[in-house]
Amino acid sequence: MRLSSLPTKESSLFILFSLSILSLGWLFFILALFNFFVFPVIFIGTLFLGLSSLFFLGRLLMHAPRSSIFTVGLLALISFGNLLFTTPTLLSGRDQGAISEAAIRLSESSVLTYRTPATDTFFDIYGPGKALNFPGFAYTDTGDVITQFPLVYTSFLAAFHSLFGIAGLTIANGLLLFLFLFTFFELLRLFVKPFYASLGSLLAGLSFLPLWFSQFTLTENLAVFLFTLICYSLLRFLAEPKFTHYIAIFLASSLLMFTRIEGYVFFVIIFLFLLTQKQTRALISTYRFKALIVPGLFLVFIFLRNFFINLPYYKTIGRALEKFLTGFGSTILSSDNGSTLSGQFPVGGVLILYGVLPLFLCGILGYFIIWRQKHWRAFIPLLVALPTLLYLFMPNITLDHPWMLRRYYFTLYPLFVFSAVVGFSLLLAKTRQAKVFFSLFILILIGFSLPAHITLNSAREDKTLLPQIEKFSRGFSSQSLILVDRNATGSGYALPTAPLNLFYQRQAVYFFNPEDIAQIDFTRFDQVYLIAPENELPRYIEKFGERMIYQGSYTFTRDGLAERSLLDNNDFSFPQKKRFETKDLIFQVY
């Protein structure tokens, strides 16, 4: 199949633009790996590579038709306009809070690990491994605390926090959403005319998944950009086997390895496929040293460094993989809230609810049309995403929604939007009113997402909670230990412990096991306090007894979404906006 007549100059400039962005990601990652995450290097590197990317972007737009410039402007408006509905995710309890905390700590300390008297106290109780009292972190053998999440996305966020403060976390996600949509537009341009590519990229940007998940600090936001860029670079390499295309494939796919565990499988598939192509063998034969030896040695070195520094992450993944394989075909992995996802919980209702299923079905039909018309190279994205097709049947994630849709976002979503746009543009190409019919097709697919947008994307969860936590912190000294119950704010996914530690220098920990009170070294602290709602007190009274001296109360008020889970009788309704008020009782126990 011949690719669409995308101008070579425009394509080359886009690759150079992408290489500048990839270099920036690699710079942040390497600085984090070597505990040299210092502001002057971050600033100079961002300035140089940022200006380089803007230069190539400007040159690209100079050579692009006006319709493409207009589309890129709209995609930027969508990406950064979405920030208006975004509250930085700073609370403990879910992945996004732990990733944000790790990024902020890296930004402020320049190293990946940290320790406090509170972390030392619970290390003495639990030892190396998962730091249960500090969600999303693990203890090293020496008692330091390190993130349990991949370092590439964490370092990317940390760099933007260094440059822009707390707002940098949302700016980083806005930029990643724009990069994904822009790359997706260029990917479509390889197969369809600008009109269809423009509408297809608007469909990708206005559906529920990207606008929702880009509001949270989740690795999928970087992964979806890298996946799309890999597909684009592969296709350009097959059409024109230049070294810049090859190096873009290598840098993007290896960076994805360190962003998502699925990246390792993608990397193997990509390079096994490339080795079957005579263009690759010819390039390696010509540039053996810089195309094979140098990248190979570099990758092995970075892998070993990352593996031993981020060992808790790989241990967590290893345990999860073991559970998945032993439960294959029956019970799927347990989620972060202890629930399970198995065949008895149909996810089709959730996919319909959020407008995902119609899009995916159109994508599957699109691939059937592509197959019938023998456009074989359009199957390259499907080849790359092949391992994650398993998620269609086993999402392997928490049962509450919309969170469970994370699994579908970073590969399956762009894959099926791509095939739907390419397939239906081919189907409608010979009709008299092709553009009109295609426009209606896109509007209908976007329309399926409107109920979810209206219900959820206007809900800025917990936007008033941080000032309340600051006021709450004033009642304690930095030398006190604060034991915080999981439901202190009314939600175990909105724990105040991270802000108390990060912003107000209080020794706060998530406290779940009253048995630990007998092993806490009280001599490390001036006072020890327990914060818990009244309905949680019986389990503490049983263990603490007369130690508990009442000191007062504090009420947290938060605006959020009531949880919806498939455990709730296969509940296929949207989470409802709700105001939660939780009155906590404060006790001094030492």
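With which residue does Asp485 form a salt bridge, and how far apart are the closest N and O atoms?

A: In this predicted model, Asp485 forms a salt bridge with Arg539, and the closest N and O atoms are 3.0 Å apart. Asp485 lies in the loop between β7 and α24 (497–502), whereas Arg539 belongs to helix α25, so the pair ties together parts that are 54 residues apart in sequence. As to the general principle, side chains of opposite charge can pair when their charged atoms come close.

The two partners may also be described by their accessibility. Asp485 has a relative accessibility of 0% and therefore counts as buried, the limit being under 20%. Arg539, with a relative accessible area of 31%, is partly exposed.

Five strands form an open sheet in the order β8-β7-β9-β12-β10, with mixed pairing. Its edge strands are β8 (507–510) and β10 (549–561), each of which pairs on one side only. Strand β7 (residues 481–484) runs parallel to β9 (residues 528–533), and 4 bridges join them. Within this pairing, Val484 has Ile531 in β9 as its bridge partner. Helix α25 (residues 537–544) packs on the sheet and touches β9 and β12 (577–588); the direction of the helix makes about 150 degrees with that of β9.

Glu515 is partly exposed at 43%, and Lys543 is partly exposed at 38%.

How values were computed
Residues are numbered from 1 along each chain as its sequence is written. This is a predicted model: local features need pLDDT of at least 70, side-chain atom pairs count only at pLDDT 80 or more; totals for chains, interfaces and linings use all residues. Side-chain values use heavy atoms; hydrogens and water are left out. Two strands pair if DSSP finds at least two bridges between them. Helices (H or I, at least four residues) and strands (E, at least two) are DSSP runs, numbered from the N terminus. Contact means heavy atoms within 4.5 Å. Axes are lines fitted to C-alpha atoms, for helices over the stretch in contact, and angles run from 0 to 180 degrees between N-to-C directions. A salt bridge is a side-chain nitrogen of Lys or Arg within 4 Å of a carboxyl oxygen of Asp or Glu. Buried means under 20% relative accessible area, exposed over 50%, partly exposed in between (1.4 Å probe, protein chains only).
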